[in-house]
Amino acid sequence: MKKKTIWTVAIIMGLSFLALLFLQLNYIEEMAEMKKEQFDESVNRALYQASRNLELNETLRYLESYVGNDSTGKDSTTNVNTSFEQKTAQVKPSQIPKAMILRNDSSTISSAKKSIQQMVRNRFVYQKGMVNEVVYNILYSASNKPLKERINFKLLDQDLRAELLNNGINVGQNINYHFMVTTQDGREIYRCSDWPADANEEDVNEKSYSQVLFRNDPQSKMGIIKVYFPDMNSYIYSSVRFMIPSVIFTLVLLVTFIFTIVVVFRQKKYSEIKNDFINNMTHELKTPIASISLAAQMMNDKSIQKTPSMIDHLSGIVLDESKRLRFLVEKVLQMSMYEKKTAVLKKKHVDLNEMVETIANSFTLRVEHTGGKVYTEIGAVDSTIYVDEMHFQNVIFNLMDNAVKYAKPDEPLNIYLSTWDEGGNVCLSVRDTGMGIKKDDQKKIFEKFYRVHTGNRHDVKGFGLGLAYVKKMVDLHGGEIKVDSTYGKGTTFTIKLPFTPDEEEE
């Protein structure tokens, strides 16, 4: 599949997942806002009804105090009975003669009816006066009392709880509340005993609802009840909790999709690297095979006269190219073994300074062929390291071979080998004056099969395994390696290995 097609599918799927996630979050937000509006309306309605009940209870108390007593403090039934007796005493049917009753029955009934009507009228006037007196008392007496005396806080709490339940807020199970009463100017009159001590003012203001008490009184006499719901957010979002699993599953699918796309691109990259490796390997193996084949043909060609010097030359070619083939094959096999951790290092104590001098001398001819030179700067005093000598020599050879491969065309190449001590480590650096490595490539040069692009140059051969092998060997020896390069000026590889005295050899 083409890279462009993969990117197209990835973008479409990614946008689809993001759109789905956005819709779910938007739906949750809208549901939460709707629940908040319902909660606000229910609480405000409950507060209004509780404040109204408070006023009704006060009126009821005044009425109860006046039902049994008139304004003079006498029993009202006495006045009513007296009035009734006064109205009915004028005409007593029991004292009227029978003859008179028979003769005057219509006038007697009319008189009794009028007496009853007068009695009811008197009763109405009395009760109306009593109600008026209660109202005047409430207006002029009750409002003058302190709020603390006018409010039964226990009864107010009960009314508030009942009204919240009536409006669909299940107090005690899903949510709790706390309340306080203050004057109009903010002076606290009452605070419930379970008011949270750690509640901060900002949180209280955000999660509180207020209602005016005795709203028909003068403003200075009004009170305010403030109800605080500390768990309001949890209560509101509890209605949308069923959506949380779907959001989580969508996120999991999105992450899985992203991971899958990353794996696809990585596999595509490995596939390209593998193809590049096969092409490079074919090219590398083709040259020695062709040389061996040509030498064999010349030795088998009877038309060519074979002198001892020619036979030695041809056999030398076959031997050299066979070694080259073996080296290339072993290089691939070594990386495979170390990747599977099946190889065993044969470590021993060696002197890094001596190893560097030996390698520099053996590599001089290849560097001088470019017109350059190999320079050594031996500065390490404690230069004993505990390594596999053959593999560590290959590490240095690979670094120097890499420098030769990426030398500047038509310019001499100089290589500088240096050793020095740094704390408990012995350090080695290989610096060259070659092409250098770009910043982007420096992060990938130690990956298997990765090869730095060389523009139009096609003479740089290799599998892309050299620096990967170097990194693997340094890691297996407990060291570290870093690269510092400026494109167009050269590259420096620095290796740090732990110093080991000879007597510690096991």
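Guide: A helix here is a DSSP run of H or I with at least four residues, strands are E runs of at least two, and both are numbered from the N terminus. The model is predicted, so to speak of local features takes pLDDT of at least 70, side-chain atom pairs need 80 or more, and totals for chains, interfaces and linings use all residues. Residues count from 1 along each chain as written, and side-chain values use heavy atoms, without hydrogens or water.

Visitor: Okay, which helix has Ile11?

Guide: Ile11 sits in helix H1. With Trp7, Leu15 and Leu18, Ile11 makes a nonpolar surface patch of about 420 Å².

Visitor: What's a patch?

Guide: Residues with over 30% relative accessible area and no salt bridge, joined within 9 Å for like charges or within 5 Å for nonpolar side chains (Val, Leu, Ile, Met, Phe, Trp, Tyr). Areas are Shrake-Rupley with a 1.4 Å probe, only the protein chains shown counting as cover; a salt bridge puts a Lys or Arg side-chain nitrogen within 4 Å of an Asp or Glu carboxyl oxygen.

Visitor: Why is Ile11 called partly exposed?

Guide: Because its relative accessibility is 47%; buried is under 20%, exposed over 50%, partly exposed in between.

Visitor: New topic: how many disulfides?

Guide: The count is 0, taking a disulfide as two cysteine sulfurs within 2.5 Å. Cys192 is buried at 8%, and Cys427 is buried too, at 0%.

Visitor: And which residues are buried in H14?

Guide: In H14, residues 466-476, they include Gly466, Leu467, Tyr469 and Met473. After H14 comes Gly478, with a positive phi near 75°.

Methods:
Buried means under 20% relative accessible area, exposed over 50%, partly exposed in between (1.4 Å probe, protein chains only).
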